[in-house]
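Q: I am new to this structure. Could you show me how to read its features one at a time?

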Amino acid sequence: MSWWHTQFHSRTLRTAFHALGRNKMRSGLTTLGIIIGVGAVIAMMEIGNGSSNAIQKSIASMGADNLIVFPGTAASGGVTFGAGTATTLTPEDAEAIGQECPAARAVATIVRARAQVVYGNRNWVPLFIYGASPSFLDVRNWNDLAEGGMFTEQDVRNAAKVCVLGQTLVRELFQGTSPLGQEVRVRNVAFKVIGVLSAKGANMMGMDQDDILLAPWTTIKRRVSGSTLGNENQSAQNAASASGTQATVNTLSDIYPGQSALYPVPSAVQAADTPLPVRFENIDQLLVAAQDPRETQLALRQITQVLHERHRIRPGESDDFNIRDMTEMTRALAATTGLMTNLLLCVALISLVVGGVGIMNIMLVSVTERTREIGLRMAVGARARDILRQFLVEAVVLCLLGGALGIAIGRGSSLLLRATLHWPTELSVGAILAAVIVSLSVGMIFGYYPAWKASRLDPIEALRYE
Amino acid sequence: MELIKLQDIYKTYHLGQVDVPVLKGVSLVVEQGEMVALMGASGSGKTTLMNILGCLDRPSAGHYWLEGREISGLSTDERARLRNQKIGFVFQNFNLLARTSALDNVMMPLSYAPAGVPDREARDRCVALLERVGLGDRLEHESSQLSGGEQQRVAIARALVNQPALLFADEPTGNLDSRTSVEILRMFQQLNGEEGLTIILVTHDAGVAHHAQRIIHIRDGVIENGFSAGAAQTKPEVGHKVRATEVAP
């Protein structure tokens with residue numbers, strides 16, 4: 001019996017192909033709707049997938065797994081000074097996060113400054129002057145230096161006057177010659193260039209990430225920005241004024257002569273005066289990289305917990321820090337392209353339905369036209385269900401052929417776009433599967449009514465039909 | 001042996017409020033191996049009777065035995081199966097599938113046979129049949145490339161492909177010239193004589209009808225000379241083996 005079934009089905013298929021082949025032009029035009037619909041779906045999916053992946057990749061290179069910890073807001077007598085003005089983050093926080101948060105891969109301490117960099121008779125104000133820890137490159141996925149090497153933990157401990165430059169800065173200051181071993185001056189402090197970063201380009205806000213000078217954070221803090229506890233606050237800084245700051249910077253090492261500890265130790269009087277632990281050294285921000293871009297939320301929770309403990313923030317109290325993650329951006333962008341893809345997909349699906357209506361239309365014409373054939377087949381013993389099956393198989397074969405052609409055209413056009421316009425397209429197996437299933441069901445749904453109509457014909461009437 | 005026995009067959013069509021009786025109590029016997037012509041003017045109920053005999057339609061009342069089996073109450077699907085296995089049809093306008101080779105035309109009924117025929121055997125059988133009707137060299141010709149007579153012979157081969165017990169020919173020569181008509185009718189006679197195939201010719205043409213052994217006239221839904229198995233024996237021009245076995249008991 002099963003042998004007979006396969007036999008029967010192969011014959012039904014052959015009959016269907018034969019019937020379609022008898023009117024090639026019409027079959028082709030009928031299935032055009034399906035071809036275009038499926039082709040559009042495939043092309044849309046491949047382009048959508050490709051661009052969304054490309055966006056996610058570039059976001060990842062910008063540091064999608066990064067979390068940025070800012071200190072909280074300083075306020076004095078009802079005047080708040082904006083995000084990052086409080087002096088609540090310390091280098092010890094960075095160490096604690098590195099040790100106690102398993103979801104954090106690397107932590108970098110960052111101190112910012114803005115100053116003129118001078119080399120010979122040229123000068124430039126880079127976008128970023130970062131005092132950082134050596135782990136900064138780890139955190140930013142920036143380990144491949146173009147030249148030289150990164151400064152070390154030892155350099156940080158010694159507040160060594162070394163720096164690593166970004167490509168833009170090198171171009172502006174050195175104009176083609178190698179900067180390695182040269183000295184640049186920042187606020188009159190001479191830094192020896194020991195490395196050059198590889199090019200990274202602009203970040204999402206369009207800021208040139210290569211316009212950067214990296215130095216040990218201790219060096220920037222003590223020798224360049226010279227912010228001690230006394231002048232850290234904005235109001236205090238105003239009072240100190242620019243000239244005063246400069247003086248403090250270069251004599252900072254003289255304030256603590258012979259100091260071997262990394263940070264100044266608070267005196268007993270200071271400790272007694274302040275109920276909260278005094279932070280003698282504060283930093284501007286912490287950059288934390290999660291183990292995995294998908295684990296940033298976990299890392300965020302762990303960091304929050306560690307900082308709560310360290311800063312003694314009770315439940316209900318507001319945080320004296322805030323953490324920003326890039327996943328929000330990643331998600332927003334992915335959602336945007338996802339939305340576009342879905343929208344285009346809807347349009348493509350509508351065209352598939354239109355294609356299905358076209359199939360139904362032509363199948364109805366075909367049934368009318370082949371009334372006598374149907375009558376004859378019934379006269380020689382075809383049952384209603386045989387006729388139903390024959391026309392249904394014809395519609396499905398038509399749709400599947402159209403679907404296959406559509407897949408080829410969709411793939412082809414996406415490859416063409418990739419080759420000519422360099423759009424980042426990507427093969428989508430899901431879309432191909434969906435296209436096959438959709439064209440199959442379009443054939444079933446829109447082929448059923450004509451097939452049913454054919455099967456309901458009366459053989460006597462049908463044979464006499466002119 | 002009686003191949004066909006009709007008893008008091010009535011057929012009434014309902015056209016809106018009006019009932020139109022077409023067959024009014026037809027009784028008829030056709031022996032196995034007979035070649036019968038069914039004659040009648042248009043509107044006489046000839047076509048209706050043929051549809052009922054050919055299992056395309058069912059009577060409103062009465063009984064129909066085919067090979068001793070009562071079939072007037074069969075369902076649509078059962079009748080389709082019966083047509084496939086027991087009855088061959090030849091039509092006035094040939095009804096071949098367009099743009100399809102002669103061979104595929106002949107093979108078509110096999111795809112509805114309940115017991116499957118392997119492709120090879122099916123092909124061999126169809127080739128043999130086409131050779132039998134003299135078209136051995138026209139196997140791959142499409143119907144449009146064949147003459148009327150050739151098309152009708154393809155139709156005859158198609159009607160015979162499931163080895164039916166009964167062959168219906170509805171005005172088989174209506175679209176043919178006289179010479180070809182004679183050829184086709186000779187072929188029917190040959191099939192009847194050599195293989196004992198029971199043939200019912202439906203025609204309004206007395207010239208055609210006279211090729212049969214017996215003529216049944218139908219007028220106004222009633223058979224004029226229906227019953228006589230004896231009537232068949234009054235025309236003894238063709239004696240054949242089936243007849244001989246019949247006569248014996």
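A: Start with a pair of strands. This is a predicted model. In chain B, strand S1 (residues 2–15) and strand S4 (residues 61–66) run antiparallel and are joined by five bridges. Within the pairing, B:Ile4 stands opposite B:Leu66 in S4(B).

Q: What order do the strands of the open sheet in chain B have?

A: Strands of a sheet pair through backbone hydrogen bonds, either parallel or antiparallel. Here the open sheet has four strands in the order S2-S1-S4-S5, and the pairing is antiparallel. Strand S2 (18–31) and strand S5 (69–70) of chain B are the edge strands, each pairing on one side only.

Q: Which residues have the most contacts inside the largest nonpolar core?

A: They are A:Ala395, B:Leu38, B:Val106, B:Phe168 and B:Ile200, in a core of 116 residues. Another core, of 57 residues, lies apart from it; among its members are A:Leu67, A:Ile110, A:Val117 and A:Leu173.

Q: Which residues does B:Val106 touch, leaving out those up to four places away in sequence?

A: B:Val106 touches B:Cys126, B:Leu129, B:Leu130, B:Val154, B:Ala157, B:Arg158 and B:Val161.

Q: How many residues does the contact take from chain B and from chain A?

A: The size of an interface is often given as the accessible area lost when the parts come together. Counted in residues, this contact takes 20 from chain B and 20 from chain A. On the chain B side, helix H2 (residues 76–86) supplies the largest share, six residues. By class, that side of chain B has eight nonpolar, seven polar and five charged residues.

Technical notes. Residues numbered from 1 in each chain as written. Chains lettered and ligands numbered in written order. Predicted model: local features only at pLDDT ≥ 70, side-chain atom pairs only at ≥ 80, totals over all residues. Pairing = 2+ DSSP bridges. Helix = DSSP H or I, 4+ residues; strand = E, 2+ residues; numbered from the N terminus. Core = buried A, V, L, I, M, F, W, Y, C linked by C-beta atoms within 7 Å. Buried ≥ 20, exposed ≤ 12 C-beta atoms within 10 Å, placed from the backbone. Contact = placed C-beta atoms within 7 Å. Nonpolar A, V, L, I, M, F, W, Y, C, P; charged D, E, K, R; others polar.
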